[in-house]
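Reader: Could you take me through this structure? I would like to begin with the overall picture and then turn to individual residues.

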Amino acid sequence: MTTATEYLESVAPEFTGDARIDAFLEIAALQMDSGKWGNVYTLAVAYLAAHLLTESADDGGASATLAGALTAKHAGDLSESYATPSGGTVTRDDALLSTTKYGRAFCRLRNSRAARAPRTIRPGI
């Protein structure tokens, strides 16, 4: 079975050997319920930890914003425009997760059928 560390180093090789990996994996795991994630729990922990590591590497998360992708940039008088999330309501947590590719992968995994814990189906229900 693949460990969270092995997954993290596979999906985010820039953090291989980073002394903070274990701490961030623990922080990510504390925010998740393994029973709700089924067999993709370990991978989800790795994606969330990679997201958190990326945010901390930027500037400690101090400049994290809820802006989408850059859609326009002007040099004179400096102006930038950002896309807003589409497709319905986006929670603040999802908006923050969308700031890194690892957070977006975490959301895709969470929203997939693979992230559903197995259930027993009983006759008559």
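Reader: What kind of model is it, and how are residues numbered?

Author: It is a predicted model, in which local features need pLDDT of at least 70, side-chain atom pairs count only at pLDDT 80 or more, and totals for chains, interfaces and linings use all residues. Residues are numbered from 1 along each chain as its sequence is written, and side-chain values use heavy atoms, with hydrogens and water left out.

Reader: How many helices and strands does the chain have?

Author: The chain has 6 helices and 2 strands. Both are DSSP runs numbered from the N terminus: helices are H or I with at least four residues, and strands are E with at least two.

Reader: And in what order do the elements run?

Author: From the N terminus on, the order is α-α-α-α-β-β-α-α.

Reader: What share of the residues counts as buried?

Author: Of the 125 residues, 26% count as buried. Buried means under 20% relative accessible area, exposed means over 50%, and partly exposed lies in between, with a 1.4 Å probe and protein chains only.

Reader: What about the accessible surface of the chain?

Author: The accessible surface comes to about 8,400 Å², and 53% of it belongs to carbon and sulfur atoms. Such areas come from the Shrake-Rupley method with a 1.4 Å probe; for residues, only the protein chains shown count as cover.

Reader: How much of the contact total comes from residues 24 or more positions apart?

Author: Such residues account for 57% of the contacts in the chain with a separation of 6 or more. Contact means heavy atoms within 4.5 Å.

Reader: Let us turn to helix packing. At what angle do helix 1 and helix 2 pack?

Author: Helix 1 (residues 4–11) and helix 2 (residues 21–30) pack at an angle of about 105°, and their axes are 11 Å apart. The axes are lines fitted to C-alpha atoms, for helices over the stretch in contact, and angles run from 0 to 180 degrees between N-to-C directions. Helix 1 and helix 2 are therefore roughly perpendicular to each other. Angles of 65 to 115 degrees count as roughly perpendicular, under 35 as roughly parallel, over 145 as roughly antiparallel and the rest as oblique.

Reader: Which residues make the contact?

Author: Helix 1 contributes Ala4, Thr5, Leu8 and Glu9, while helix 2 contributes Ile21, Asp22 and Leu25. By class, the contact of helix 1 with helix 2 has 4 nonpolar, 1 polar and 2 charged residues. Ala, Val, Leu, Ile, Met, Phe, Trp, Tyr, Cys and Pro count as nonpolar, Asp, Glu, Lys and Arg as charged, and the others, Gly among them, as polar.

Reader: How many salt bridges are there?

Author: The structure holds 2 salt bridges, each defined as a side-chain nitrogen of Lys or Arg within 4 Å of a carboxyl oxygen of Asp or Glu. One joins the side chains of arginine 20 and aspartate 18 at 3.0 Å, N to O. In the other, arginine 110 meets aspartate 94 at 2.8 Å, N to O. Arginine 110 lies in helix 6 (residues 101–111) and aspartate 94 in helix 5 (residues 92–97), so this pair ties together parts that are 16 residues apart in sequence.

Reader: Where does arginine 20 lie, and what does it touch?

Author: Arginine 20 lies in the loop between helix 1 and helix 2. Not counting residues up to four places away in sequence, arginine 20 touches Phe15, Leu53 and Ser56. Arginine 20 is partly exposed, at 32% relative accessibility, and aspartate 18 is also partly exposed, at 23%.

Reader: Is histidine 51 buried or exposed?

Author: Histidine 51 is buried, with a relative accessible area of 6%. This residue lies in helix 4 (residues 41–59). Beyond four places in sequence, histidine 51 touches Leu96, Leu97, Thr99, Thr100, Tyr102 and Gly103.

Reader: What about glycine 103?

Author: Glycine 103 is found in helix 6 and is buried, with a relative accessible area of 0%. Leaving aside neighbours within four places in sequence, glycine 103 is in contact with His51 and Leu97. The C-alpha atoms of glycine 103 and leucine 48 are separated by 6.2 Å, although the two are 55 residues apart along the chain.

Reader: Lastly, which residues is valine 11 in contact with?

Author: Leaving aside neighbours within four places in sequence, valine 11 is in contact with Tyr47 and Tyr102. Valine 11 lies in helix 1 and counts as partly exposed, at 24% relative accessibility.
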